[in-house]
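Subject: Structure for your review

Dear colleague,

I am passing on the structure below, and I would be grateful if you could look through it with the notes that follow.

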Amino acid sequence: MKFAWIDLRTVPEAHRESVVDATLHARLAGIVSDDPALLDTLPPTVTRVLVSPEPVDSPHLVAVVVDDRDRLDRLTATAAFVQVRDDRTLKLACDAAVKLEHTLVAFTDPTKIPLEIVIAAADGAPGKLITEVADLEEAAIVLDVLEHGSDGVLLAPRDAADVFNLARLLEAKTPPLTLTTLTVDGIAHNGLGDRVCVDTCSHFREDEGILVGSYSSGFILCCSETHPLPYMPTRPFRVNAGALHSYVLGPDNRTNYLSELRSGSTVLAVDSEGRTRKVTVGRAKLESRPILTITAHSPEGVEVSLTVQDDWHVRVLGPGGKVRNVTELRRGDELLGYIATEQRHVGIPIGEFCKET
């Protein structure tokens with residue numbers, strides 16, 4: 001679970017009280033200060049972190065500023081603050097992250113390569129790595145570096161609004177979906193239509209794809225082009241997703257038409273166990289191709305429809321991540337899908353009557 005600590009050391013006094021109140025209200029994990037008297041006023045529901053140039057006795061978590069190896073070796077505290085500005089201090093941060101329960105790191109250069117090195121060095125260590133960030137944009141980047149990210153971020157907010165925005169950022173991880181097994185009723189060849197390939201900026205795993213459907217009530221898990229095919233190379237960033245009218249499921253239970261996707265849009269990558277992650281669209285490629293329509297139903301009888309390119313190399317996923325070529329589907333075959341409980345208005349779920357056929 002990612003977390004955030006709020007750094008009060010540079011927050012203007014006029015905003016300090018509101019920032020503290022926002023931190024407590026948003027239930028962020030910790031508050032950092034170099035003033036023990038200020039930390040004394042905080043409730044025990046928040047981790048109180050005292051940054052100190054020397055080890056001190058304190059009821060709070062003491063993060064000692066460490067600048068050399070001898071000090072780190074002698075350190076009896078469980079936390080350290082390391083400013084990384086060269087190879088020597090980078091090595092020091094790596095050693096601290098392996099040794100200590102909490103390591104706060106700040107980087108003088110804008111590159112994220114030193115952070116990648118610290119994250120890799122600390123992989124498997126029980127301690128927590130907390131990285132100082134300048135703003136919310138950098139926080140979002142730091143939390144995803146090397147797909148693992150820093151365990152926590154340390155932000156000195158401008159005001160209370162930054163605190164609440166940071167809390168929302170931490171909640172932005174995508175929850176899993178409960179997938180269902182769909183039973184194929186049949187396929188129909190429909191002639192020529194426009195279909196969309198969704199090319200993302202991410203490498204799909206073999207059992208991952210995106211959820212696409214003609215109706216807002218149900219989606220089929222469309223397979224990425226991660227699996228080898230004759231006559232063409234694999235394109236592990238691509239999903240041959242469906243006709244341009246189709247809905248695709250994105251973050252926050254929102255949908256878009258495939259025709260609406262652009263470079264920079266986001267969609268949900270979903271695996272055969274229902275685990276999800278946001279992926280960024282690099283481009284959406286629309287071309288006219290022969291199309292076919294798959295019809296299926298859920299165990300509850302919900303009808304699901306998906307129109308895709310009519311070609312053997314277009315694939316969908318079945319239970320267990322089994323890859324199925326769409327032109328070879330037969331009545332009774334099983335596919336993985338997702339049943340939505342809401343109808344849609346401009347992609348937003350809404351509890352209204354709507355019948356799609």
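Strand 9 and strand 12 (residues 235-243) run antiparallel and are joined by five bridges, and within this pairing V198 has V239 of strand 12 as its bridge partner. Please bear in mind throughout that this is a predicted model.

Strand 9, which covers residues 180-200, also runs antiparallel to strand 20 (residues 334-339), with four bridges between them, and here L182 is partnered by L335.

R283 forms a salt bridge with D199, in which the closest N and O atoms are 2.8 Å apart; because R283 belongs to strand 16 and D199 to strand 9, the pair ties together parts that are 84 residues apart in sequence.

Leaving aside residues up to four places away in sequence, R289 touches G191, L192, G193, R195 and Q309. The C-alpha atoms of R289 and V196 are 9.8 Å apart in space, although the two residues are separated by 93 residues in sequence. The side chain of R289 also makes a polar contact, at 3.4 Å, with the side chain of E287.

Turning to charged pairs in general, side chains of opposite charge can pair when their charged atoms come close. The count for this model comes to 20 salt bridges. One of them joins R71 and E54, with the closest N and O atoms 2.9 Å apart; this pair links distant parts of the chain, as R71 is in helix 3 and E54 is in the loop between strand 3 (47-52) and strand 4 (61-65), 17 residues apart. E54 is partly exposed, with a relative accessible area of 42%. A further salt bridge is made by the side chains of E138 and K112, at 3.2 Å from N to O, and this pair likewise links distant parts of the chain, with E138 in helix 6 (residues 136-142) and K112 in the loop between strand 6 and helix 5, 26 residues apart. Salt bridges also link R205, E208, D271, R275 and R277 in a network.

C197 is in no disulfide, the nearest cysteine sulfur being that of C222, 11 Å away; C197 counts as buried, at 2% relative accessibility. For C223, the closest cysteine sulfur is in C222 at 8.9 Å, which is too far for a bond, because a disulfide needs the two sulfur atoms within 2.5 Å. C223 also counts as buried, at 4% relative accessibility.

Helix 4 (residues 87-99) deserves a separate paragraph. Its 13 residues should span 18 Å at 1.5 Å a residue, and this agrees with its end C-alpha atoms, which are 18 Å apart. At the N-terminal end the helix is capped by D86, a side-chain oxygen of which lies 3.3 Å from the backbone nitrogen of R88. The buried residues in helix 4 are T89, L90, L92, A93, C94, D95, A96 and A97, and the buried residues of this helix pack against helix 3 (69-74), strand 5 (79-84), strand 6 (102-107), helix 5 (113-122) and strand 7 (128-133).

Finally, for the overall picture, the protein contains seven helices and 22 strands, and its C-alpha trace spans about 75 × 45 × 30 Å along the principal axes. Of its 357 residues, 49% are buried. Among contacts with a separation of 6 or more, 58% are accounted for by residues 24 or more positions apart.

Note on methods. Residues are numbered from 1 along each chain as its sequence is written. This is a predicted model: local features need pLDDT of at least 70, side-chain atom pairs count only at pLDDT 80 or more; totals for chains, interfaces and linings use all residues. Side-chain values use heavy atoms; hydrogens and water are left out. Buried means under 20% relative accessible area, exposed over 50%, partly exposed in between (1.4 Å probe, protein chains only). Helices (H or I, at least four residues) and strands (E, at least two) are DSSP runs, numbered from the N terminus. The expected span of a helix is 1.5 Å times one less than its number of residues. Contact means heavy atoms within 4.5 Å. A polar contact is a pair of N or O atoms within 3.5 Å; within protein, one must be able to donate a hydrogen and the other to accept it, and residues adjacent in sequence count only if both atoms are side-chain atoms. Two strands pair if DSSP finds at least two bridges between them. A salt bridge is a side-chain nitrogen of Lys or Arg within 4 Å of a carboxyl oxygen of Asp or Glu.
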